[in-house]
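I am opening this notebook to keep track of what I look up, one topic at a time. Each entry takes up one kind of contact or one residue.

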Amino acid sequence: QVRLAESGGGLVQAGGSLRLACEAAGINFNDNTMAWYRDIPGLERHLIAGVLPNGRTNYRDAVKGRFTISKDSARNMVYLQMNSLKPEDTATYYCNTFDPDWRSRLTQWGRGTQVTVSA
């Protein structure tokens with residue numbers, strides 16, 4: 001059974017850092033790309049970073065150079081190190097697997113973790 005649990009969010013000033021963690025139980029990291037997504041108020045949920053089974057990473061342009069996704073396959077954990085945070089990073093952050101049709105296929109999500117960046 002898949003269970004996703006995000007943590008590590010909080011309130012931080014612009015320029016600060018946070019490290020998010022996600023426990024992704026029931027998912028085989030050797031077979032799945034793991035990813036972080038975020039909900040910004042007024043916008044659709046969107047993908048921001050992914051880590052492939054081979055460890056290769058990809059990032060949305062808006063976070064490239066500031067965010068780093070990593071994973072610990074032995075512990076089924078995914079992390080998102082967020083540096084140089086901006087007010088526009090304020091969002092609820094979620095982790096999940098990645099699928100090219102994720103908007104339709106991914107129906108099970110965790111509660112997310114709220115990140116608020118003050119100016």
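Entry 1, a charged pair. I began with R38 and D89, and found that both residues are buried. The model I am reading is a predicted one, and in it R38 forms a salt bridge with D89, with 3.0 Å between the closest N and O atoms. I then looked up where the two partners sit: R38 belongs to strand β4 (residues 34-39), while D89 is in the loop between β8 (77-82) and β9, so the pair ties together parts that are 51 residues apart in sequence.

How many salt bridges does a search of the whole structure find? I noted 8 of them, and I looked at a few besides the one above. R45 forms a salt bridge with D39, and here the closest N and O atoms are 2.8 Å apart. D72 forms another with R75, at 2.9 Å between the closest N and O atoms, and R75 counts as exposed because its relative accessibility is 60%. I also wrote down that salt bridges with shared partners join R38, R66 and D89 into one network. As a reminder to myself, side chains of opposite charge can pair when their charged atoms come close.

I counted 4 aromatic pairs in the structure. One of them is formed by Y94 and W109, whose rings are edge-to-face, with 6.0 Å from centre to centre and 80° between the planes. This pair links distant parts of the chain, since Y94 is in strand β9 (residues 91-97) and W109 is in the loop between α1 (102-105) and β10 (113-118), 15 residues apart. Is Y94 buried or exposed? I found a relative accessibility of 11%, so Y94 counts as buried, whereas W109, at 23%, counts as partly exposed. W109 also pairs with W102: their ring centres are 6.2 Å apart and their planes are at 70°, so this pair is edge-to-face. W102 is buried, with a relative accessible area of 9%. Taken together, ring pairs link Y37, Y94, W102 and W109 into a cluster.

Searching the whole structure, I found 1 disulfide, and it joins C22 to C95 with an S to S distance of 1.6 Å. C22 lies in strand β3 (residues 18-25) and C95 in strand β9, so the pair ties together parts that are 73 residues apart in sequence.

Which residues touch the most other members of the largest nonpolar core? Within its 26 residues, I listed W36, I48, F67, L80, M82 and Y93. The elements giving two or more residues to this core are β3, β4, β5 (46-51), β7 (67-72), β8, β9 and β10, and the largest share, 4 residues, comes from β3. For context, in soluble globular proteins nonpolar side chains tend to be buried together.

Last, I looked up E23, which has its place in strand β3 and is partly exposed, with a relative accessible area of 33%. Not counting residues up to four places away in sequence, E23 touches R3, L4, A5, N76 and M77. I also took one distance along the way: the C-alpha atoms of E23 and V117 are separated by 23 Å, the two residues being 94 residues apart along the chain.

How values were computed:
Residues numbered from 1 in each chain as written. Heavy atoms only, no water. Phe/Tyr/Trp six-rings, centres within 6.5 Å; stacked < 30°, edge-to-face > 60°. Buried < 20%, exposed > 50% of the residue type's maximum accessible area, 1.4 Å probe, protein only. Disulfide = S-S within 2.5 Å. Salt bridge = Lys/Arg side-chain N within 4 Å of Asp/Glu carboxyl O. Core = buried A, V, L, I, M, F, W, Y, C linked by side-chain atoms within 4.5 Å. Contact = heavy atoms within 4.5 Å.
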